[in-house]
Amino acid sequence: MKSTPETVIGVDVGSGSVRAGIFDLSGRLLSHATQKIATVHRSGSRVEQSSAEIWQAVCRCIREALARSGTTPQSVAGIGFDATCSLVVLDNDGEPLAVSPDGEAENNIIVWMDHRATDQAERINATHHPVLDYVGGKISPEMETPKLLWLKENHREVYDRAWQFFDLADFLTWRATGDVTRSICTVTCKWTWLAHENRWDPDYFRTVGLDELAGEDFVRIGQHIAAPGTPCGEGLTEQAAREMGLLPGTPVAVGLIDAHAGGIGTLGVGGGALNNLAYVFGTSSCTMTSAESAVFVPGVWGPYWSAMLPGYWLTEGGQSAAGALVDWTLREHGASADLFAKAEAAQRHPVALLNDWVAALEQEEKYPTRNLHILADHHGNRSPRSRPDARGSVVGLTLETGERALARLYLATLQAIAYGTRHIMDTLKHHGHTLSRIVICGGATHNRLWLREYADATGCDIHLLAEEDAVTLGAAICGAVASGAWATLTDATREMVKAGDIITRRPETAAFHRQKYEAYLMLWTQQQALNLLMQQEM
């Protein structure tokens, strides 16, 4: 076996699973391992996880991936982590603190999708503090300061006892190295760190009711902030190395939010970061664009200085439910049991079978969704409307049942998600961004029907990466930079990211999708009218 440092490990912690990948320094995936993690849904839009369970899954996946790769611990040059932008709460001993008064102690993570802090977010936004200019004008309950305010107001004992409040990626690097350094990516995008000024704004924290954090000089949320790819501490501790089956001192990189790890690779495809919309598709979706100067777009997060690519301003949008909306549609439809039973009998993925049903429907009807329209705000609108209280809708239902009905609704759902992205793109362009292509990574890259519809619905060609697991690769790229294998993220991306297929839009569908997109926008207006009607006194 080879023992020279010539491999890197990327660890991706998503909403429902942990994935570890072993890559060589050209970006080729040698092996991977995946493990599911539990998610607890509580009343009041609360969603929680356990940092202890996630850490155990991380260590197990690394050991399994290393064994499958046929390499030795000596071959590992460095490790990088990415994770969802979820809030982790620990006590003075580094042990978990329950984030709900009625919750178990081990569930110490408020997951990104948790909307318990909607009221707190609204009150923060009502202050119109200048810091909010750098989150699109409105902070989201998916971000950390509203969640911290909820914790203070609803679970004060835990808020006061907490030693550290970590973003999940920063928890992982601390757990691996003992270093409490935060990532400029996590704290800028989700915690209101002003990266362009290299500071927190204490007036913001005092204004919104989090005086204690400012008074402690931010010791509980981060005093040392570093760029992704920067080495953390002295590398793996003895304990972490033993748990992972690696060598103590192995370099560990300052990490990234999961979507941004995918964005590292996607934004370098096709001629330059300034022309690309990076789209990372998972449970939710994230869109990322870069600019050389700050572009303020109401309802779209940012601009964030150097939060992903050094020296560029990042603008971040997305949809709170993407893959989750597709999954919900398949689970809740009357024909879902039949779909899953037939898929199991045929030993096929349910989506692959469903795509066949759509193909059969299209043989009979050129545009099966002509009269079926969906507003894809089932879990609120992240951007560009910045309305976590938004709701979805379906218009055009008939008494149709069975395979045809599910296929039609599924196709309309795929299109609705794409129209949500088109709306984000239109908003970005209106405010000065120049976008010529979409570069996609995530689970949707396996679904060619969805890619076809995405290209047609947005009117943009879709570029893929040669490595399907671009998010884990992005984490590994950070590990490569921390190890010294490459000097910068730009250098590492140039060597480790390869372009893949291109899905071209079909010009003959442009008129249809233009009309469907107009209908999509009209659904929002109709939904707001209904909301206004039902808010009247009875």
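This report walks through some cavities, salt bridges and backbone features of a predicted model.

Some ground rules come first. Residues are counted from 1 along each chain as its sequence is written, and side-chain values use heavy atoms, with hydrogens and water left out. Because the model is predicted, local features need pLDDT of at least 70 and side-chain atom pairs count only at pLDDT 80 or more, while totals for chains, interfaces and linings use all residues.

**Inside the protein**

A cavity here is a set of points, on a 1 Å grid over the protein atoms alone, where a 1.4 Å probe fits but cannot get out. Grid points are joined across faces, edges and corners, and a volume is the space filled by probe spheres set on the points. Searching the whole structure turns up four cavities of 30 Å³ or more. The largest cavity comes to about 100 Å³.

Which residues sit nearest the centre of the largest cavity? Its lining has 16 residues, and Asp377, Asn381, Ser383, Gly420 and Tyr520 are the ones nearest the centre. Lining residues are those with an atom within 4 Å of a point. Strand S16 (313-319), helix H14 (402-430) and helix H18 (510-534) each give at least two residues to this lining. Helices (H or I, at least four residues) and strands (E, at least two) are DSSP runs, numbered from the N terminus.

Sorted by class, the lining has five nonpolar, eight polar and three charged residues. In that sorting, Ala, Val, Leu, Ile, Met, Phe, Trp, Tyr, Cys and Pro count as nonpolar, Asp, Glu, Lys and Arg as charged, and the others, Gly among them, as polar.

**Salt bridges**

Next come the charged pairs. A salt bridge means a side-chain nitrogen of Lys or Arg within 4 Å of a carboxyl oxygen of Asp or Glu. By that rule the count is 33. Here are three of them:

| Pair | Closest N and O atoms |
|---|---|
| Glu453 and Arg506 | 3.7 Å |
| Asp456 and Arg506 | 2.6 Å |
| Arg494 and Asp491 | 3.1 Å |

Glu453, at 3%, is buried, and Asp456, at 4%, is buried. Arg506 has 30% and is partly exposed.

Arg494 and Asp491 stay local: they are three residues apart in helix H17 (residues 489-496), so about one helical turn separates them. Arg494 is exposed at 52%, and Asp491 is partly exposed at 26%.

There is also a network of salt bridges that links Arg42, Glu48, Glu104, Asp114 and Arg116.

Most residues other than glycine have a negative phi, and most peptide bonds are trans. Where does this model depart from that?

Gly302 and Pro303 are joined by a cis peptide bond, with omega about 5°. Pro303 belongs to strand S15 (residues 301-305). Ser383 and Pro384 are joined by a cis peptide bond as well, with omega about 5°. Ser383 is also one of the residues nearest the centre of the largest cavity. Pro384 is in the loop between strand S17 (373-375) and strand S18 (393-395).

Ser386 is found in the loop between S17 and S18, and has a positive phi of about 50° although it is not a glycine. Is Ser386 buried or exposed? At 10% relative accessibility, Ser386 counts as buried.

His128 is not a glycine either, yet has a positive phi of about 55°. His128 sits in the loop between helix H2 (118-126) and helix H3 (144-154), and is exposed, with a relative accessible area of 67%.

How values were computed: 1 Å grid on protein atoms, 1.4 Å probe; cavity = no way out; pocket = protein on both sides within 12 Å on 5 of 7 lines; lining within 4 Å. Buried < 20%, exposed > 50% of the residue type's maximum accessible area, 1.4 Å probe, protein only.
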